[in-house]
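Let's take a walk through this structure together, one stop at a time.

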Amino acid sequence: MTTANAADSLRVGVAESDITPPVGFPMAGYYHERLSDGTIDPLKAKAIVFRDAHAESALVVCDLIGIATDLSRAIRQRASEKTGIPASHIVISATHSHTAPDYMKALYLKLGGERQDAIRAEYIDKLINSPVEAIVRAHAAAKPAELEFGSATQTIPVSFNRRSVMRDGSVKTWQSYDNPNVVRAAGPIDPEIALLTVRDEDGKPLGILSNFALHLDTVGGMKWSADYPFFIEQTLRKAFGSEVISIFGTGCCGDINHVNPRSKDRNKADFIGNSIGESIHKQLTQLKRIERADLVVKSRVVRLPLQDATKEEVAQAIKTLAAANRREEVDFFEHVTAYKKLILDQFRHREPHAVTAEHITWGLSRSLAGIGETLPVDVTVMTLGRDVAIVCLPGEIFVELGLAIKQASPFNTTLVIELANSVETIYVPHRAACVGGSYEVTNSSLQPGAGELLVETALGLLREAAKDTPSDTERKPTP
């Protein structure tokens, strides 16, 4: 099949919309309320829509810390009604910016018809409607496009495994290598920047979808910011024009951050984003053209086993959070555990031991309340011919799990995007990490083995998609 024929069969559209909250709205990322006092750069929802004669799908990446299941269901249902794309073929993911809104309690109150501050309620309308708008506009703008795929390697060090093996055999997060008890990093990094470029029929770049495994928490402060992906966008717009849309899908970075344990200096958002943006820019001329871009979409609901929250644990959690709210000194890990236990109490029990909304903000859920022993999450795969696969997973996934999917994928380039459609898993470690413990394991709502179950599901869907993709025997060699 020629490139022209491939373009005739597949149409692609990109669009973006603003989701920046008002000043004074709560900010996400930590275990206490903090209210924003300004904006550094805007928060956006960025959509890419694929359409051919047999299937349609949409991916929307939002500058948010996570996607609550309540939010993804509301957006997907409304977008499906407006475009005809099946809701199961729509993925809403988050970049994980910590300078983004803590919207879950406002969303919870809005969906329950409960009274709250009018400004917060109005923002929830915007938070639902703006990503829908991006999908609708990308769907309407979809046209024959030239797609290019491949990857760049991030050679300038900006990502580091933040878990360390200690001399006593334990694993600890956020250790400096100045500590003589540190033996080595507990895991690898993933230096690949997987890429998919959308060009119009004249070769002009319309959108660049990139995927890299690095935690977002590089800005700090009390102002809204999209973190380092903003600078990726700025770098690419300087190179290709202000209309190109940079869509950054966060890779599996549950144990990866920007702090070099061998250095006292911390990389900042502009350095990280500009560096990744330059790596992408330099590689774009080396990407390969997709000659046959048949679209296949596969999605499956997986039920991940949840940890429990006993009556006694919930009672202790309430005491711990109350002490923290009084600004008393509370052990950090006990604080994290207390918050998690109240979230689990809400999920596991039809009649929770606590009135959850009185104690926590993020983690509140209408759709998951009383769900029981397992958490239903979506794993979605979108493939383009034999060349590109986009794998979308819930939660903050450990890098080893993402690497396992990439290494076993039958597609030439595989983007693995985390924090898709559900954040209620919180962290998703692999089994070995669960043995080692420390912060990410403490802050996971799941039983050990859930990460491996996601890998098995993703690989199963990738293999199904490969079988359903038409034979490429007629494909001409890529020039």
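In this predicted model, begin with helix α2, residues 69-83, and helix α4, residues 118-141, which pack with their axes 9 Å apart and at an angle of about 35°. The crossing in which α2 passes α4 is right-handed. On the α2 side, the residues that meet the partner helix are Leu 71, Ala 74, Ile 75, Arg 78, Ala 79, Lys 82 and Thr 83. Facing them from α4 are Leu 127, Ile 128, Asn 129, Pro 131, Val 132, Ile 135, Val 136 and His 139. Sorted by class, this contact of α2 with α4 holds 10 nonpolar, 3 polar and 2 charged residues.

In α7, the contact is formed by Glu 313, Val 314, Ala 317, Ile 318, Thr 320, Leu 321 and Ala 324. In α8, their partners are Glu 334, His 335, Ala 338, Tyr 339, Lys 341, Leu 342 and Asp 345. The contact of α7 with α8 is made up of 8 nonpolar, 2 polar and 4 charged residues.

The crossing of α9 past α12 is right-handed. From α9, Leu 401, Ala 404, Ile 405 and Ala 408 take part in the contact, while α12 contributes Gly 451, Glu 452, Val 455, Ala 458, Leu 459, Leu 462 and Arg 463. Here the classes come to 8 nonpolar, 1 polar and 2 charged residues.

Thr 414 sits in strand β22, which covers residues 413-417. Its relative accessible area is 5%, so Thr 414 is buried. What does the side chain of Thr 414 make a polar contact with? The partner is the side chain of Ser 409, at 2.6 Å. Beyond its neighbours within four places in sequence, Thr 414 has contacts with Ala 194, Ala 389, Val 391, Lys 406 and Ser 409.

Next comes Arg 199, in strand β12 (residues 192-199). Arg 199 carries a charged side chain by class, and with a relative accessible area of 13% it counts as buried, because buried means under 20%. Its side chain is joined to that of Glu 148 by a polar contact of 2.9 Å, and the Arg 199 side chain also reaches the backbone oxygen of Gly 203 at 2.8 Å. Leaving out residues up to four places away in sequence, Arg 199 touches Ala 145, Glu 146, Glu 148, Lys 204, Pro 205 and Leu 206. Arg 199 and Pro 144 are 55 residues apart in sequence, and their C-alpha atoms are 9.1 Å apart in space.

Sequence and space can be compared again at Ala 293, in the loop between β17 (288-289) and β18 (295-305). Ala 293 and Leu 10 are separated by 283 residues in sequence, with 6.6 Å from C-alpha to C-alpha. Ala 293 is buried, at a relative accessible area of 6%.

Finally, consider the backbone. Most residues other than glycine have a negative phi. Trp 174, although not a glycine, has a positive phi of about 60°. Trp 174 belongs to the loop between β10 (171-173) and β11 (182-185), and its relative accessibility of 43% makes it partly exposed. Asp 227 is not a glycine either, and has a positive phi of about 70°. You will find Asp 227 in the loop between β14 (223-224) and α5 (228-240). Is Asp 227 buried or exposed? With a relative accessible area of 1%, Asp 227 is buried.

Technical notes:
Residues are numbered from 1 along each chain as its sequence is written. This is a predicted model: local features need pLDDT of at least 70, side-chain atom pairs count only at pLDDT 80 or more; totals for chains, interfaces and linings use all residues. Side-chain values use heavy atoms; hydrogens and water are left out. A crossing is left-handed if the near helix is turned anticlockwise from the far one by less than a right angle, and right-handed if clockwise. Helices (H or I, at least four residues) and strands (E, at least two) are DSSP runs, numbered from the N terminus. Contact means heavy atoms within 4.5 Å. Buried means under 20% relative accessible area, exposed over 50%, partly exposed in between (1.4 Å probe, protein chains only). A polar contact is a pair of N or O atoms within 3.5 Å; within protein, one must be able to donate a hydrogen and the other to accept it, and residues adjacent in sequence count only if both atoms are side-chain atoms. Axes are lines fitted to C-alpha atoms, for helices over the stretch in contact, and angles run from 0 to 180 degrees between N-to-C directions.
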